[in-house]
Amino acid sequence: MKITFLGAAGEVTGSQHLIETDRLRILLDCGLFQGHRLEARRKNEKFHCDPKNLDGVILSHAHADHCGNLPGLYKAGFRGPIFCTPATADVTDIMLHDSAHIQEEDARYLNRKHPPDAPRILPLYNDDHVTEVVKLLETIPYGEWHELSKDLRLRFQEAGHILGSAITEIEIRDKGDWKRIVFTGDLGRRGTPLLHNPQRVEGCDVLITESTYGNRIHPPEDDIKTQLKAILNRAARQGGRVIIPAFSLGRTQTFIYFLNELHNAGELPSIPVFVDSPLSYEITSIYRKHASSLDAAFHRRLQSDRDPFSFPGLRYIGSQSESMGLNQRKGSFAVISASGMCEAGRVVHHLLHGLQDPNNIVLLIGYQAENTLGRRIQERMPVVRVLDHDIELLADVEVLQGLSAHADAEDFKWWFEGLGAVRGVGRAFIVHGEQESAVALSQLLDHVCDEPPTIPQFGESFEV
């Protein structure tokens, strides 16, 4: 059996891993690479597998860096099944239509910037490709083995990362021998709001694990609330706004849930809060639809709070004109807006209008990949490029690490102990992390593996 790493190898975004046996070719995830526009375009428009000859795709969850290039795969000739959980299917439908809209907007923007006689730039894919690829989604509930062919069995377990996220267990036959593969997708944390804890699974012949925060320990929930209150109170005193870039899927819902808890406890500062992302509103509706999949604490909350995703003073913004109006609004307020790494969407306009005011605060609540505007703001570069304008960064920048939906070193250690309790790991591959975090994770994982863990780079193949 051969495994080839075609994305999120030596970096964080663009998850894509190819498994090949004598009979099958299966792709784990098909995500978009996110980063500098030209580099992202180059990486996303070309596939390094043959989409027409894939037997299927197994999708871990619906974040864009894991599902976002499925329409491109369809455009390139893929027609096989895509296996995922029911909640992931619902969210993927929404996420991909939004992604197609972004692709088309980006193409229009770049074509306006290029000379009239330059070759026209086309979107990576369009809405028609999304409509067709969504038809290929086949749902499998958590905890049930499914025979996909005489050579392939699949089971999903709770990953605890976002709604619908899954750890993938695969049993695959290669030249008559059965092998067991476990793919974490993005592993979540224990004890976080809304979601169940990650499910421990037995060891395997091959483990493919993410490592985003393999070298960090997240602060406890109470510390997050204390920091959040302090930041909002400071903005209220200064008369400034708080700009909160947030992924529409997962991070926005968790952040609103925290604000709702502060409100119910009488501890939320009295400033308006706006969710300026139509996509976030749609996905929050999917969270409500799949409320039965959320954790026990959420259901206890429902006994006294009809809607934990809403509270007095919170308003979801729909139209573009309302969004633009926020940039002219006076006084203190907070705006939660996509995208989480500040590379597209409405938040870029809020940053354009807000970064030069020292009374304002940019609150980063998620991972910022290299070469993104979010990373440059996090590093507090004195001048940043926003929508082709050089903007002086005078606003304060705060980073709230504890809201990450990724497992930290302690979560990984606990989860790896589960792998080792039954049979351990034959061969481990560490992906979806920058070098420092991947190396740290390899040290946590080494004691349950037969061989030292491998940190593959893009395009590397391994016989296992």
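I take two strands as paired if DSSP finds at least two bridges between them. Helices (H or I, at least four residues) and strands (E, at least two) are DSSP runs, numbered from the N terminus. The model is predicted: local features need pLDDT of at least 70, side-chain atom pairs count only at pLDDT 80 or more, and totals for chains, interfaces and linings use all residues. Residues are numbered from 1 along each chain as its sequence is written, and side-chain values use heavy atoms, with hydrogens and water left out.

I looked up histidine 146 and found leucine 154 in β8 as its bridge partner. Glutamate 147 stands opposite arginine 153 in β8. Strands β7 (residues 146–149) and β8 (residues 152–158) are antiparallel and share three bridges.

**Sheet.** I then traced the sheet, which is open, has six strands and runs β7-β8-β9-β10-β11-β20 with mixed pairing. β7 and β20 (425–431) are at the edges with a single partner strand each, so one side of each has no neighbour in the sheet. From one strand to the next the twist averages 20°.

**Helices on the sheet.** I count a contact when heavy atoms are within 4.5 Å. Axes are lines fitted to C-alpha atoms, for helices over the stretch in contact, and angles run from 0 to 180 degrees between N-to-C directions. α13 lies across β9 (166–174), β10 (177–183), β11 (204–210) and β20, at about 170° to β11. α14 touches β11 and β20 of the sheet, and its direction makes about 165° with that of β20.

**Helix pair.** I checked α13 (residues 409–422) against α14 (residues 435–445): the angle is about 35° and the axes are 10 Å apart. Ala409, Phe412 and Phe416 of α13 meet Leu441, Leu444 and Leu445 of α14. I sorted these contact residues into six nonpolar, no polar and no charged, where nonpolar is Ala, Val, Leu, Ile, Met, Phe, Trp, Tyr, Cys and Pro, charged is Asp, Glu, Lys and Arg, and polar is the others, Gly among them.

**Cores.** A nonpolar core is a set of buried Ala, Val, Leu, Ile, Met, Phe, Trp, Tyr and Cys residues joined through side-chain atoms within 4.5 Å; buried means under 20% relative accessible area (1.4 Å probe, protein chains only). The largest nonpolar core has 73 residues, and those touching the most other members include Leu70, Ile82 and Phe255. Helix α4 (residues 86–113) gives the most to this core, seven residues. I noted a second, separate core of 24 residues, with Leu154 and Met1 among them.

How values were computed:
Buried means under 20% relative accessible area, exposed over 50%, partly exposed in between (1.4 Å probe, protein chains only).
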